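Hi everyone, thanks for coming.

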Amino acid sequence: MRACVLTAPGGIDKLQITDVPDAHAPKAGEVRVGIRAAALNHLDLFVVEGLPGTAERFPHIVGADGAGFVESVGPGVSVLRAGDRVMINPGISDYTCEFCRAGEHSLCVNYRLLGEHLPGTVAELITVPAHNVARIPSLSPELTWAEAAAFSLVTLTAWRMLVTRAQLKSGETVLIWGIGGGVSLAALRIAKLHGARAIVTSSNDAKLDAARRLGADVTLNYRTQKISQEVRAITNKRGVDVVVENVGAATWDESLRCLRRGGRLVTCGATSGPQVSLDLRRLFWHHWSLLGSTMGNAAEYAEVVRRLGQGELRPVVDRVFPMDRVREAYERLAKGQQLGKVVVEVSSGDP
Ligand SMILES: [Zn+2]
């Protein structure tokens, strides 16, 4: 099968489109999916740079998100059939550890992500547990393959952050950094769905204009405005109820300056660097909650898919690249040029 592989760590130049052995035939509880489109995430940039703990075997097939047709099913799989249009939840859990048994699959002690610890989605075939596959809901207009591929990782991540971890309520104000990113855009959709007021930031005014059209109540340009000052002014010095963080080092201090007494900061990433400082006196004095979050559990995934079926969480696709231009797709993401998901078209035609 054709696939996009990383031949060694060290950057986008190490990506190649090549022929590799087909993904293995599905075993009990597994399905093999013929991928039509795969979406990139910031994670994929870390993988090509050789993040510790990521792929150690090369060539490594990249990509976490994907959508396509079920090509074949393994023994014991009754809910899916060959030909079903599906999208993939990239978080693979063992379904046996203490956390999985409690329904918290993204806390699994053996949690692994497609394209990071396991072969990924930028390939004509991938074999995954049937647990990790959801039928693409029927919508009007129908979801494109690119939209279906763009959905899972960021929507699941943002849902758990805002709904489960931060417990966002109607009427609250949420600050979302870097609105071009997929998690941030999904967070904006989810915040508006819950009746919250959304303040979003970007360094790019065109992205801020687009964010307003997508429902942002207040837009701030972090290159020309001091975010904490603006937020304090907008909220009558009170600060926001919730901050959605995925930038890390570059925004952390400002995030805390924006947070109200008793506020919640929820983070799922550190794209600008993982090391931050914290004055514990401010943490306890202000009764802050600092919340970590990664991906989401099976119930949360089912819920976001159900909401998608109601037309509520349609993902924003930035641009679609054919697979032989995959490096351009990575470059676009690396330069932060996107508004929404950068997608790679893997194959075309019926199953
Ligand atoms: Zn587990």
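This is a predicted model: local features need pLDDT of at least 70, side-chain atom pairs count only at pLDDT 80 or more; totals for chains, interfaces and linings use all residues.

Who does it touch? Setting aside neighbours within four places in sequence, Arg135 contacts Val79, Leu80, Asp84, Arg85, Val86, Met87 and Val305.

Now compare another arginine, Arg332, in helix H10, which covers residues 326-334. Arg332 has a relative accessibility of 13%, so this one counts as buried. Not counting residues up to four places away in sequence, its contacts are Asp318, Arg319, Phe321, Gln337, Gln338 and Val342.

Okay, on to the zinc ion. Which protein atoms hold the donor positions? They are the OD of Asp94 and the SG atoms of Cys97, Cys100 and Cys108, at 2.1 to 2.3 Å from the zinc ion. Along the chain, the donors follow the spacing D-x2-C-x2-C-x7-C. The angles between the 4 donor atoms run from 94 to 122°, and that makes the arrangement tetrahedral. For reference, the ideal angle for four tetrahedral donors is 109.5 degrees.

Next, the sheets. One of them is an open sheet of 6 strands with parallel pairing, in the order S13-S12-S11-S14-S15-S16. At its edges you find strand S13 (218-221) and strand S16 (289-292); each has a single partner strand, so one side of each has no neighbour in the sheet. On average, neighbouring strands of this sheet are turned by 20° against each other, ignoring direction. Helix H5 packs on this sheet and touches S12 and S13, with its direction at about 170° to that of S13. There's also helix H6, residues 227-234, which lies across S11, S12, S13, S14 and S15 and runs at about 155° to S13.

If you want to zoom in on one pair, take S14 and strand S15 (residues 259-267), which pair in the parallel sense over 5 bridges. In that pairing, Glu245 has Thr267 of S15 as its bridge partner.

Then there's an open sheet of 3 strands, ordered S2-S1-S4, with antiparallel pairing. Strand S2 (15-19) and strand S4 (60-61) are the edge strands here; each has a single partner strand, so one side of each is left without a neighbour in the sheet. Strand S1, residues 2-6, pairs with S4 in the antiparallel sense over 2 bridges, and Val5 stands opposite Ile61 in S4.

Is H4 enclosed or open? Since 9 of its 12 residues are buried, H4 is largely enclosed by the rest of the structure. Among the buried ones are Val183, Leu185, Leu188 and Ile190. And what do those buried residues pack against? The list is helix H3 (145-165), strand S11 (173-176), strand S12 (197-202), helix H5 (205-213), strand S14 (240-245) and strand S18 (341-345). Just after H4, Gly195 has a positive phi of about 75°.

Most residues other than glycine have a negative phi, and most peptide bonds are trans. Here, though, the bond from Phe58 to Pro59 is cis, with omega near 0°, and Pro59 is in the loop between helix H1 (42-49) and S4. Ser140 and Pro141 are also joined by a cis peptide bond, with omega about -5°; Pro141 is in the loop between S10 and H3.

As for phi, His287 has a positive value near 55°. His287 is in the loop between helix H8 (280-285) and S16, and is exposed, with a relative accessible area of 60%. Met295 has a positive phi near 50° and is found in the loop between S16 and helix H9 (298-309). Met295 counts as buried, at 4% relative accessibility.

How values were computed. Residues are numbered from 1 along each chain as its sequence is written. Side-chain values use heavy atoms; hydrogens and water are left out. Two strands pair if DSSP finds at least two bridges between them. Helices (H or I, at least four residues) and strands (E, at least two) are DSSP runs, numbered from the N terminus. Buried means under 20% relative accessible area, exposed over 50%, partly exposed in between (1.4 Å probe, protein chains only). Contact means heavy atoms within 4.5 Å. Donors are N, O and S atoms within 2.8 Å of the metal (3.2 Å for Na, K and Ca); water is not among the atoms, so sites may look incomplete. Four donors count as tetrahedral if all angles lie between 85 and 135 degrees; four count as square planar and six as octahedral if opposite donors are over 155 degrees apart and all others between 65 and 115; anything else is irregular. Axes are lines fitted to C-alpha atoms, for helices over the stretch in contact, and angles run from 0 to 180 degrees between N-to-C directions.
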